[in-house]
Amino acid sequence: MKNLKNLFAVMFLIFGLALGGCATQAKVVMEDIKLPEPVMTGGMSLMEALQNRHSSVKFAKDEIPLQQLSELLWAANGKNRPDGKRTTPSALNSQVITLYVALKDGIYKYEPDTHTLSAFSKEDIRPIIGNTKAPLILLYVANLSRQSKYLAAVDCGFIAQNVYLYSAANDLNTIFLYGVNTSALNIKLDLSLGQEVLFAQLVGLNNKK
Ligand SMILES: Cc1cc2nc3c(=O)[nH]c(=O)nc-3n(C[C@H](O)[C@H](O)[C@H](O)COP(=O)(O)O)c2cc1C
């Protein structure tokens, strides 16, 4: 009887180690992405981009090329000055919004200081948003321990409009969303106390059909 117990204990240990090993492997496979430098010259005029701005969920199947993703994120919330300030204004310069970038392959966090996507998880969370066709979902995560929800939402609006204008100028479609299951997303992103998903924004190449 005692031998049987020992056998179960050993099997339990081996199974646990195997599971642990798988979890570690899943994390290691995903790597941070250093984004290419955004191209700052050329492109559509601001007036033309404003003329072209609109919401749309007509996405082509293709992924957004890395160069465009880099420029979109820089336009959204990138560093544009040596003092670390950004392309978008921020109430009291509190910078409480972090953009999580959900792609087919997993979720990354956008780091404006290094213009890098830091790997977060391999999960495809697009089904939670209810749109599995969007190649890119931006999740607006606010740190509400440092700022009111009211002012954090205003900061989100500025970021979102930059995403709209970059999209309008670069043949991307986008839509900003309040109506998403933020409770489920908060859990998936393993957010700490005071952090919340406030909005999402879908982006993809324009499906011209
Ligand atoms: C704060 C805010 C929240 C929004 N939430 C949603 C949403 O939950 N679902 C949706 O389909 N569109 C949403 N939209 C997009 C609007 O429906 C869209 O901007 C509006 O219809 C005007 O269309 P346009 O952006 O093409 O001018 C939201 C827009 C804003 C500014």
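## Sheet, helices and ligand shell of a predicted model

Seven strands build an open sheet whose order is β1-β4-β3-β2-β5-β7-β6, with antiparallel pairing. The edge positions belong to β1 (33-34) and β6 (172-177), each of which has a single partner strand, so one side of each is left without a neighbour in the sheet. Strands (E, at least two residues) and helices (H or I, at least four residues) are DSSP runs numbered from the N terminus, and two strands pair if DSSP finds at least two bridges between them.

The structure is a predicted model, in which local features need pLDDT of at least 70 and side-chain atom pairs count only at pLDDT 80 or more, while totals for chains, interfaces and linings use all residues. Residues are numbered from 1 along each chain as its sequence is written.

| Strand pair | Bridges | Residues between the strands in the hairpin |
|---|---|---|
| β2 and β3 | four bridges | two residues |
| β3 and β4 | five bridges | four residues |

Strand β3 covers residues 106-111 and β4 covers residues 116-121. Ile107 of β3 is the bridge partner of Ala102, and Ile107 also has Ser121 as its bridge partner in β4. Towards the hairpin, Glu111 stands opposite Thr116 in β4, and His115, in the hairpin of β3 and β4, takes a positive phi near 50°.

Helix α3 (residues 66-77) lies across β2 (97-103), β3 and β7 (195-205), and runs at about 160° to β2. Helix α5 (residues 149-169) packs on the sheet, where it touches β2, β5 (136-143), β6 and β7, and its direction makes about 10° with that of β7. These angles run from 0 to 180 degrees between N-to-C directions, with axes being lines fitted to C-alpha atoms, for helices over the stretch in contact; two residues are in contact if their C-beta atoms, placed from the backbone, lie within 7 Å.

The residues around the ligand are His54, Ser55, Ile175, Phe176, Leu177, Tyr178 and Gly179, a residue being near a molecule if its C-beta atom, placed from the backbone, lies within 6 Å of it. This shell divides into four nonpolar, three polar and no charged residues, on a scheme that counts Gly as polar and Tyr as nonpolar.

As for confidence, the protein chain has a mean pLDDT (the predictor's confidence in each residue, from 0 to 100) of 90, and 87% of its residues reach 70 or more. Over residues 12-28, however, the pLDDT is below 50, and this stretch has one contact in the model beyond near neighbours in sequence.
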